[in-house]
Amino acid sequence: MKTILVPYDFSEEAGYAFEFAKGLAKKTHNKLKLFHVIELPTPQSFNSYGEVGAFSSEGTQIFMIELIEKRKRQMAEFEAELKDEGFKFETKMVFGNPFAGIAKEIAEIKADIVVMGSKGSSGLEEVLIGSNTEKVVRNASCPVITIKSPITPEEIKKVVFASDFNDVPSDVVKRLKTTIETIGAELHLVKINTPSMFESTRTSMGKMEDFVDDFEINAASMVVYNSSTEEDGILEYAEDIDADMIAMATHGRTGFLHLLSGSIAEDVVNAAKRPVWTMKSKK
């Protein structure tokens with residue numbers, strides 16, 4: 001976990017993610033980078049302030065200049081505040097599309113983990129566009145931790161890893177073990193059984209036992225949990241054992257295939273109140 005990236009949009013949830021990431025950086029003494037994207041305005045950007053076209057070109061330019069100067073001051077304040085915290089801290093501000101900017105930054109700095117805030121999304125908004133967080137979860141080449149409320153790494157004692165335990169990619173397991181060890185949490189394994197995807201307890205337990213042996217996992221518990229859907233089962237089980245974080249692999253599908261099949265991991269990210277650790281499966 002040499003480089004921790006925090007995409008930051010100055011929202012309340014982004015603040016929670018930043019605080020969590022600072023806690024991780026203090027534990028690892030590694031690099032923390034705060035990354036902000038300013039979207040260039042179009043007339044539609046100002047709909048919430050009035051009718052489209054209500055802002056003159058000159059007014060828009062003044063607004064953007066003032067916003068850029070404000071963000072520069074805020075980033076400089078963060079740098080001054082964290083200069084003696086025992087880890088390397090950097091900030092960066094770019095212009096453009098938030099998701100594209102984040103994806104490019106992850107690749108350029110070879111981020112080991114991304115920590116970002118999420119408000120969650122549902123219904124039509126989720127189907128049509130999804131959130132920037134959801135897009136990062138789906139596409140990032142490294143693990144992503146999504147945060148929705150104040151929490152520190154020290155408060156994470158129980159992590160639930162939900163899977164079908166069919167050929168879990170070794171890279172996902174390796175990164176998960178690193179996160180668990182860094183935080184100092186115990187790991188609980190769960191396989192969700194649903195009516196449409198039924199599997200005998202003996203078969204499921206066998207797969208989990210093989211998983212533990214193959215990857216030398218120190219599991220605090222292994223459970224087969226019955227529920228109506230996989231998403232509901234994961235959320236219910238995490239609540240039942242009072243877990244502090246949920247961990248999952250995501251398939252990373254995009255486009256039409258994603259619309260057809262959806263993603264359990266992204267649904268959990270949207271619905272969960274707890275932090276969620278995800279990593280794209282490279283099968």
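A: A salt bridge here is a side-chain nitrogen of Lys or Arg within 4 Å of a carboxyl oxygen of Asp or Glu. This is a predicted model, where local features need pLDDT of at least 70, side-chain atom pairs count only at pLDDT 80 or more, and totals for chains, interfaces and linings use all residues. Residues are numbered from 1 along each chain as its sequence is written, and side-chain values use heavy atoms, with hydrogens and water left out.

E90 counts as partly exposed, at 23% relative accessibility. The cut-offs are these: buried is under 20% relative accessible area, exposed is over 50%, and partly exposed is in between (1.4 Å probe, protein chains only).

K88 and E90 also belong to a network of salt bridges.

Now turn to E266. Its salt bridge is with R138, and the closest N and O atoms are 3.1 Å apart. This pair links distant parts of the chain, 128 residues apart. E266 sits in helix α10 (residues 264-271), and R138 in helix α5 (residues 132-139). Helices are DSSP runs of H or I, at least four residues, numbered from the N terminus. Both E266 and R138 are buried.

Another pair is E199 and K191. Their side chains meet in a salt bridge at 4.0 Å, N to O. E199 and K191 are both buried.

How many salt bridges are there in the whole structure? A search finds 17.

How values were computed:
Helix = DSSP H or I, 4+ residues; strand = E, 2+ residues; numbered from the N terminus.
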